[in-house]
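I opened the model in my viewer and kept short notes. Here is what I looked up.

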Amino acid sequence: KNVVGKGNDVKREQCFIAGNWVSNGEWVSVDNPATGAIIGRIPSLGRPETRKAIEASAQAMQDWAARPANARAVILQRIASLMEQRSDALAALLTEEQGKPLAEARGEIAYAASFFQWFGEEAKRAYGEVIPGHMADKRLFVLKQPVGVVAAITPWNFPAAMITRKLAPALAAGCGMVLKPSELTPFTALAIAGIADEAGVPKGLFNVVTGDAAEIGAEFLENPAVRKISFTGSTAVGRLLMQGAASSIKKLSLELGGNAPFIVFDDADLDAAVEGAIQSKYRNAGQTCVCANRFYIQSGIYDAFVEKMAAAVSRLRVGNGADPGTDIGPLIDERAVAKVKRHIDDAAGKGARIVLGGTGAPQGPRFFTPTLLRDVKPGMDVLREETFGPLAPLVKFDADADAIAMANDSEFGLAAYFYARDINRIWRAAEGIESGIIGINTGLISTEVAPFGGVKQSGIGREGSRHGLDEYLELKYLCLSVA
Ligand code: ADP
């Protein structure tokens with residue numbers, strides 16, 4: 001068995017349906033965003049195969065849901081252990097298809113595995129309730145039962161963690177799942193399916209289908225056996241799925257776009273704020289939905305912050321994620337590069353100044369130099385749209401209330417960050433900012449033990465924490481009359 005090693009050790013070029021590795025003779029190729037080289041191919045499946053996967057999952061779920069939670073937990077914990085053992089190979093594969101630096105890929109695999117550990121434990125704590133009866137003869141109980149087969153659709157920016165954050169609680173709750181991963185990063189998903197199979201997940205319970213997103217999505221939405229859609233991706237596609245789910249009233253969990261504000265108040269520890277800003281902004285080359293997208297810096301410290309931030313950004317090294325020492329890998333595709341350029345051009349055209357970067361990078365067409373913009377003002381596209389690239393726009397503000405108002409001037413509300421020391425200011429900002437997640441004096445907020453999710457158009461539901469399990473459970477109220 002391959003315990004350590006290269007991406008090829010865990011790469012599979014077939015889909016996993018009803019416990020079998022399948023293909024249909026039609027293929028989609030997958031490339032390495034750093035080099036453009038084709039690294040493999042995946043089947044282009046459609047509705048019939050998706051339907052088969054859903055049926056297999058519904059069938060397998062019957063036995064799975066009936067097992068005691070601790071029996072399910074043993075298997076989830078085995079998946080976590082196998083992922084940790086194969087971390088090197090999985091990380092290499094992830095970097096090859098997604099582009100992020102190897103150290104970040106390793107971190108993602110550990111984070112992804114942690115959900116199996118956590119939800120394996122939480123499965124045992126899906127407590128019901130006994131409610132004092134409302135009449136002398138009544139005894140009232142609440143059971144928690146699995147919602148049913150879950151259809152999951154995931155993006156390319158976290159090819160492992162966005163899957164396991166759904167799969168682990170679904171399996172823990174007793175649900176089955178059919179997953180459509182991003183066609184840009186399918187190999188990590190298929191490798192996880194291989195590991196789940198090896199760990200003893202019953203045949204058919206977890207399926208991975210690749211192919212045309214709209215066709216597979218249509219089967220997910222129309223098949224009555226699918227009781228829940230769990231999606232991470234763009235707000236546009238989330239809206240389509242929400243509309244589609246309306247016809248059969250399927251439950252929804254949506255993790256959509258963000259537009260995270262990062263506020264630095266004038267009493268902040270500036271060095272810590274710069275460190276947090278770099279971590280939040282430039283991780284995964286700026287391609288996370290919780291990346292700081294717009295920076296609001298109080299006027300008294302604005303110039304000092306710009307200077308320190310510029311020094312830190314200039315130290316970031318651009319390169320192939322597979323090379324040790326790379327901080328900023330490629331963007332996922334050239335469309336992503338064009339969006340960063342468009343935001344810079346729009347801002348520069350409206351009076352912002354480029355402090356650093358502003359151009360593509362010599363490593364190839366999908367690389368972009370880490371960029372810092374100053375004198376950014378309301379009305380520039382970069383403050384309104386999620387850039388999803390290595391670009392930090394710095395806005396100056398005077399009064400605290402202005403910063404909070406500007407932070408809230410967005411249809412999104414996933415993550416927000418701020419740096420301050422005064423306790424009253426900290427509470428005012430924490431309570432006033434409209435966001436599902438707030439990092440206070442830190443740029444790193446993700447953990448399996450805390451609820452992750454957004455308000456406003458950033459989504460519905462929470463992933464991770466004990467609340468993440470409830471997303472896959474239904475309440476059943478029993479009313480017993482005692483003679
Ligand atoms: P991103 O901008 O992050 O690529 P998308 O929302 O386009 O975000 O993609 C996220 C996931 O949604 C991917 O797996 C993609 O294939 C899938 N997807 C895109 N369009 C549809 C659709 N019409 N129906 C179902 N899934 C879709």
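**Entry 1: a helix pair.** I began with the crossing of α9 and α10, which is right-handed. A crossing is right-handed if the near helix is turned clockwise from the far one by less than a right angle, and left-handed if anticlockwise. Helices (H or I, at least four residues) and strands (E, at least two) are DSSP runs, numbered from the N terminus. The model is predicted: local features need pLDDT of at least 70, side-chain atom pairs count only at pLDDT 80 or more, and totals for chains, interfaces and linings use all residues. Residues are numbered from 1 along each chain as its sequence is written.

I then looked up the axes of α9 (residues 270-282) and α10 (residues 302-314): they come within 10 Å and cross at roughly 50 degrees. That makes α9 oblique to α10. Angles under 35 degrees count as roughly parallel, over 145 as roughly antiparallel, 65 to 115 as roughly perpendicular and the rest as oblique.

Which residues of α9 and α10 meet? L270, D271, A273, V274, A277 and I278 in α9 meet A304, F305, K308, M309 and A312 in α10. By class, I find nine nonpolar, no polar and two charged residues in this contact. Two residues are in contact if their C-beta atoms, placed from the backbone, lie within 7 Å.

**Entry 2: helix α3.** α3 (residues 87-98) has 12 residues and reaches 16 Å from its first C-alpha to its last. That is close to the 16 Å expected at 1.5 Å a residue, where the span is 1.5 Å times one less than the number of residues. I found 12 of the 12 residues of α3 buried, so α3 is largely enclosed by the rest of the structure. Buried means 20 or more other C-beta atoms within 10 Å, exposed 12 or fewer, and partly exposed in between. The cover includes β3 (27-31), β4 (38-43), α2 (69-85), α4 (102-122) and α6 (186-199). After α3 comes G99, with a positive phi near 105 degrees.

**Entry 3: W64.** I located W64 in helix α1 (residues 47-66). Is W64 buried or exposed? W64 counts as buried, because 23 C-beta neighbours lie inside 10 Å. Leaving out residues up to four places away in sequence, W64 touches G174, G176, P202 and L205.

**Entry 4: positive phi.** Most residues other than glycine have a negative phi. N284 is not a glycine, yet its phi is positive, about 55 degrees. I found N284 in the loop between α9 and β13 (292-298). K456 has a positive phi too, near 50 degrees, and sits in strand β22 (residues 455-456).

Conventions. Axes are lines fitted to C-alpha atoms, for helices over the stretch in contact, and angles run from 0 to 180 degrees between N-to-C directions. Ala, Val, Leu, Ile, Met, Phe, Trp, Tyr, Cys and Pro count as nonpolar, Asp, Glu, Lys and Arg as charged, and the others, Gly among them, as polar.
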